[in-house]
Amino acid sequence: MNMTVMDRKPEAINQSYLGFIDCDVHPFFKSPDEFNAFLPERWREHRRTIGGRTRVGLAKASNYPRMSPGNGQRMDAWPPDGTHPGSDLPFMQQQLLDLFNVSYGLLAPLVGGSGGERNVEFGAAMATATNEWQLARWCDPDPRLKAAVLVNVEHQSAAIAEIEKRAGDRRFVQVQIPPRGLEPLGRRRYWPILEACAANGFPISLHLGGAGGHPSTGGGHPSFYHEEHPSYVQSMQTLVTSLVCEGVFEHIPNLKIVLVEGGFAWLPALCWRLDRAWKRLHAEVPFLRQKPSEYVRQSIWVTTQPIEEPERPRDMLSTLEWIGIDRVMFSTDYPHWDQDDPRYAFKVALPEEWKRKIYSENARALYQLE
Amino acid sequence: MSRHVVATVDEIAPGTCKIVTVRGREIGVFHVNDEFFAIFNRCPHQGAPLCRGALLSRLESPAPGEYRLTRHGEMLRCPWHCWEFDIRTGQSWCDPDSVLARTFSVDVEPGATLARGPFEAETVPVTVEQDYVVINV
Amino acid sequence: MQLSSTQPIDCDVHLAVPSTRVLLPYLEDYWREHLIRRGIENDNLELSSYPPNAPINCRPDWRPPTGLPGSQFEQLRDHVLEPFQPRFAICNVLDGSQIMFSEDLSAALCRGINNWIAAEWLDRDPRLRASIVVPAHSPDLAVAEIERRADDGRFVQVLMLAMTEIPLGRRQHWPIYAAAERHGLPIGIHAGSSFRNPPSALGWSSYYIEDYVSQSPGFSGVLNSLVTEGVFNKFPKLKVVLIESGVTWLPAHFWRINKTWRGVRSETPWLDRMPSEIIRERVRLTIQPFDEPPEEHDVQTIIEEIGCDEMLLFSTDYPHWHFEGTDAIPPGLPDGLLTKLLVDNALATYPRLS
């Protein structure tokens, strides 16, 4: 579309939001070749010939195409040079980091395909490459941006090695694992990786997505993106159920879990159901020494986007209280189409203390940021 | 209400938009199907720059599996959460009665008329040979 | 309150087929011999979703000394009909017959079950009503069974499992909805899975408690499918009952799907109303189990957020263990809701009860 775009006069930005910590930012590449600099020749060749392979029918496009160009991007987030939204640091600074004087932006890369890759050696190589790419393209030029350690959980030794390699590097604040894998993440075969995360001081970011090859719902493959989008909630719900009921938090008490891009209003009712079921079925999981909801309260955080919009806006307040104000962390999901703007995401006035916690203090404490 | 000359008609090609600032507010002026429309560049949902969204058709569907396009290019879709607004009335598709984008009335006037005034010329100097897009704010 | 004095309508009690052999007299000759020939009469067709000895699946004082809970009329009489004095009780049978891969075998067994229900239960007590058991994965045969039962007014609903091969809103299922609508039968969607697919996109979990908890998220997927595929558009008189969903997940579901709809509507343009509006109008939920918040006053908030007094249907969910004695009404429900919950909503949902 051919438009004359006038310079936007900056809107007066409410002080409450300035300096917030954005717990979900998506960087992208201007060219897929950017990863080559961090890959051995063998894998550069493999990328060129075979390419990434996960567990779906379409090699390149989404099973469920999104609603806007660029596979679901904000239409005004295309940088001036026409490259992909999220691929241009100066534009990201202009639209997000500088605009709101963001303290920290936590990167959640959905590029590189390392997490769901079936060739696990290749997956591990791409994970390392994507981690290096985050540092070189994003964190080093703008230290407000923090990286996530990507790993392929089906290659246990490589994943643990990658986690240990990044330990102590404060440019990395968490390990990122996609929820939709071959098996629920609470299963024992993943425990060594979970242990490594905790032992090395990394919370685990469970950003929605993944390609485990299973239908998006327990009742089979949906037809529409209209169903796929909310099906991520069901994935988060079963993820929480798995982590709790498998006794992961008994086994690894200092493990911290962040649920990213799943919304959060569903969490209280899930906890009530877990507690009720456990009352009757605790003999099946005797290693659980507390009610399930207590594990959730102690070890699980949520990011806000896509924030639910209660029909009565004030119901947001009770929802937040049921989860715990110290558990909720604001995120934009820039530059995706369904991102939340910090000024308008909440349709109800929050008490000042809650705003401080949700926009800044909770993330600062969890990730041990200055 | 005052009248503002914002563009010559040639400046805004069919299917495109010019964003102008009038009295401190950004307004998108659209050329759609031989008519001009103006909408406040702010989505009522979360404040997105509405006029940087896409012009699409109105979708009608009498039954599942049946798809019809009407009113080509007359729905403005917000660049963020894809809410759709009728370019003529500003009504949102999903909540026509309660969610509105603010619209402004638009006229096309020949330069000769405008030269006689009264008007407030904002960004566009007027000559009598051309036709101009005028919005009422 | 004394529940029995209101004569509630119990919208979910479970009958158990005592053994597959019990169905033999109720099968056609061909299938009777077929089962015997293959030894299927000796097979236990219990569903994985409901291990009968799991504590949650039978209240201790309802567990018989031998045999399956809910398999004998006397058990139902002593445990439900006497204490609760329902004016009607809607009987739901969950059995592996409904999910056998061979469609013809599945249909034959379902016919047998429905015959058994009529002869050994409905004929015994005029208060009993039942759901028609069908092979949902075989729409033509399911429709044939609905047509066969439609004239018996004591069958008041068509029963389907929440999670099967493909999402329930998909067009392959529509002949079933057409037949149900034609005969004024709601679709009763019962918690559980045929495990054609793992319980979620995460794959196969370890424990029964996980499967049990995941039944609730399963209903979100069901509703999203029914709504987005346009089942409620195509079948304007059809009602759906979600049986054993847990209830309190519904408000957050509304908030999420309404917001999604606004942005994604163009993919499913026949959806010209907010999903929550459609769901409030056409979908009902049985009250047990009720995943209650720890504080009773929060129940009031949830009920307000559900935002429709016509949605909830009383049920005991006999013999599953959700309450003690006759305390089948979740604590904290507003008094003003009770008449609708106990009687009126069921009468409005099940036209055949009147």
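My notes below go from the interface to the sheet, and then to the helices on the sheet.

**Interface**

I kept in mind that this is a predicted model. I began with who takes part: chain A brings 25 residues to the contact and chain B brings 23 residues. Next I looked up the area, and chain A and chain B bury about 2,300 Å² between them. Carbon and sulfur atoms account for 51% of that buried area.

What are the residues on the side of chain A that touches chain B? I found nine nonpolar, five polar and 11 charged. How many salt bridges are there between chain A and chain B? The count is zero. For polar contact I got nine residue pairs across the interface of chain A and chain B, with both residues at pLDDT 80 or more.

**Sheet in chain A**

I then traced an open sheet of eight strands, paired in parallel, in the order β2-β3-β4-β5-β6-β7-β8-β9. Which strands stand at the edges? They are β2 (21–25) and β9 (328–329) of chain A; each has a single partner strand, so one side of each has no neighbour in the sheet.

I zoomed in on one pair: β6 (residues 204–207) and β7 (residues 257–260) of chain A run parallel and are joined by four bridges. Within this pair, H207(A) sits opposite V260(A) of β7(A).

**Helices on the sheet**

Helix α4 (residues 120–139) of chain A packs on the sheet and touches β3 (104–107), β4 (145–150) and β5 (172–176) of chain A. The direction of α4 makes about 175° with that of β4(A). Helix α7 (residues 225–245) of chain A lies across β6, β7 and β8 (300–303) of chain A, at about 170° to β7(A).

Note on methods: Residues numbered from 1 in each chain as written. Chains lettered and ligands numbered in written order. Predicted model: local features only at pLDDT ≥ 70, side-chain atom pairs only at ≥ 80, totals over all residues. Heavy atoms only, no water. Contact = heavy atoms within 4.5 Å. Buried area = accessible area lost by both parts, 1.4 Å probe. Salt bridge = Lys/Arg side-chain N within 4 Å of Asp/Glu carboxyl O. Polar contact = N/O pair within 3.5 Å; in protein donor to acceptor, adjacent residues only side chain to side chain. Nonpolar A, V, L, I, M, F, W, Y, C, P; charged D, E, K, R; others polar. Pairing = 2+ DSSP bridges. Helix = DSSP H or I, 4+ residues; strand = E, 2+ residues; numbered from the N terminus. Axes fitted to C-alpha atoms, helices over the stretch in contact; angles between N-to-C directions.
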